[in-house]
Structures are given as structure tokens and as C-alpha cells.
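Here is a short report on one protein chain. Keep the sequence and the 3D view open as you read.

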Amino acid sequence: MIYASKAAEGPHPNVKAKGDRLRRELAKITSDTEATIEYLNAADLRERTARGAKAVAELVFSETPMSTSLGEGYDG
């Protein structure tokens, strides 16, 4: 999984805690797969854009996700 942000620094500790929880929950679902999370900041996004990164998979929601209280992104 990739968590991308336009922030200059790395993710907030709360974001990393949620990412770790998500990774652990995914590991419980299947033992065949290793879940990893990559945190990207603005510099990482700029670098990937410059080299022409391509999407390799599309995440399709089976239900309408719940939005955060700020209306930006999704909260699990």
C-alpha cells in the first residue's frame, strides 16, 4: 500500500499507527501475502512524477467508504 501526502515531512505518528494497524489486520486475513506500507511525501511524489511512475493496480471500493470529519480522505 502507498500513503501519499503533499506534506514536506513524513507522516504524522497517528497516520503511521493507523497504517500499522491496517497492515496487521490485512496479515490476519491471509497468510499468503505480506502487506507493506510505503509513505510518500511531496519530494517523493515529485521524483516519481519526473520518472513517469505508472499505476500497477486500481483500488475498487465494494461499498461507499466513510469519509473523515474533515472530508479529506478516508478513515477506517
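The report runs from the overall fold to individual contacts.

## Model and conventions

This is a predicted model: local features need pLDDT of at least 70, side-chain atom pairs count only at pLDDT 80 or more, and totals for chains, interfaces and linings use all residues. Residues are numbered from 1 along each chain as its sequence is written, and side-chain values use heavy atoms, with hydrogens and water left out.

## Overall fold

The chain has 2 helices and 2 strands. From the N terminus, the order is β-α-β-α. Helices (H or I, at least four residues) and strands (E, at least two) are DSSP runs, numbered from the N terminus.

Of the 76 residues, 8% count as buried. Buried means under 20% relative accessible area, exposed means over 50%, and partly exposed lies in between (1.4 Å probe, protein chains only). The chain exposes about 6,800 Å², and carbon and sulfur atoms supply 53% of that area. Accessible areas come from the Shrake-Rupley method with a 1.4 Å probe; for residues, only the protein chains shown count as cover.

Take the contacts between residues at least 6 apart in sequence: 54% of them join residues at least 24 apart. A contact means heavy atoms within 4.5 Å.

## The aromatic pair

A search of the whole structure finds 1 aromatic pair. Tyrosine 3 and tyrosine 39 form this pair, which is tilted, with 6.0 Å centre to centre and 55° between the planes. The pair links distant parts of the chain: tyrosine 3 is in strand β1 (residues 2-4), tyrosine 39 is in strand β2 (residues 38-40), and they are 36 residues apart. Rings of Phe, Tyr and Trp (its six-membered ring) pair if their centres lie within 6.5 Å; planes under 30 degrees apart count as stacked, over 60 as edge-to-face and the rest as tilted. Tyrosine 3 is partly exposed, at 35% relative accessibility.

## Asparagine 41 and helix α2

Which loop holds asparagine 41? Asparagine 41 sits in the loop between β2 and α2. Asparagine 41 is buried, with a relative accessible area of 16%. Leaving aside neighbours within four places in sequence, asparagine 41 contacts Ser5, Ala7, Ala8 and Glu9.

Helix α2 covers residues 42-51, and at its start a side-chain oxygen of asparagine 41 comes within 3.1 Å of the backbone nitrogen of alanine 43. The asparagine 41 side chain also reaches the backbone nitrogen of aspartate 44, at 3.0 Å. A polar contact is a pair of N or O atoms within 3.5 Å; within protein, one must be able to donate a hydrogen and the other to accept it, and residues adjacent in sequence count only if both atoms are side-chain atoms. After α2 comes glycine 52, with a positive phi near 75°.

Lysine 6 lies in the loop between β1 and α1. Lysine 6 is exposed, at 77% relative accessibility. The C-alpha atoms of lysine 6 and aspartate 44 are 9.3 Å apart, although 38 residues separate the two along the chain.

## Salt bridges in the helices

How many salt bridges does the structure hold? There are 4 salt bridges. A salt bridge is a side-chain nitrogen of Lys or Arg within 4 Å of a carboxyl oxygen of Asp or Glu. An α-helix has 3.6 residues a turn, so residues three or four places apart point the same way.

Arginine 23 bridges to aspartate 20, with the closest N and O atoms 3.9 Å apart. These two are 3 residues apart in helix α1, about one helical turn. Arginine 23 is partly exposed at 31%, and aspartate 20 is partly exposed at 32%. Glutamate 25 bridges to lysine 28, at 3.2 Å between the closest N and O atoms. Both lie in helix α1, 3 residues apart. Lysine 28 is exposed, at 65%. In helix α2, glutamate 47 and arginine 51 are 4 residues apart, about one helical turn. Their closest N and O atoms are 3.1 Å apart. Glutamate 47 is partly exposed at 40%, whereas arginine 51 is exposed at 53%.

## A nonpolar patch

Met1, Leu22, Leu26 and Ile29 make a nonpolar surface patch of about 370 Å². Patches are made of residues with over 30% relative accessible area and no salt bridge: like charges are joined within 9 Å, nonpolar side chains (Val, Leu, Ile, Met, Phe, Trp, Tyr) within 5 Å. Leucine 26 belongs to helix α1 (residues 13-29). Leucine 26 is partly exposed, at 31% relative accessibility.
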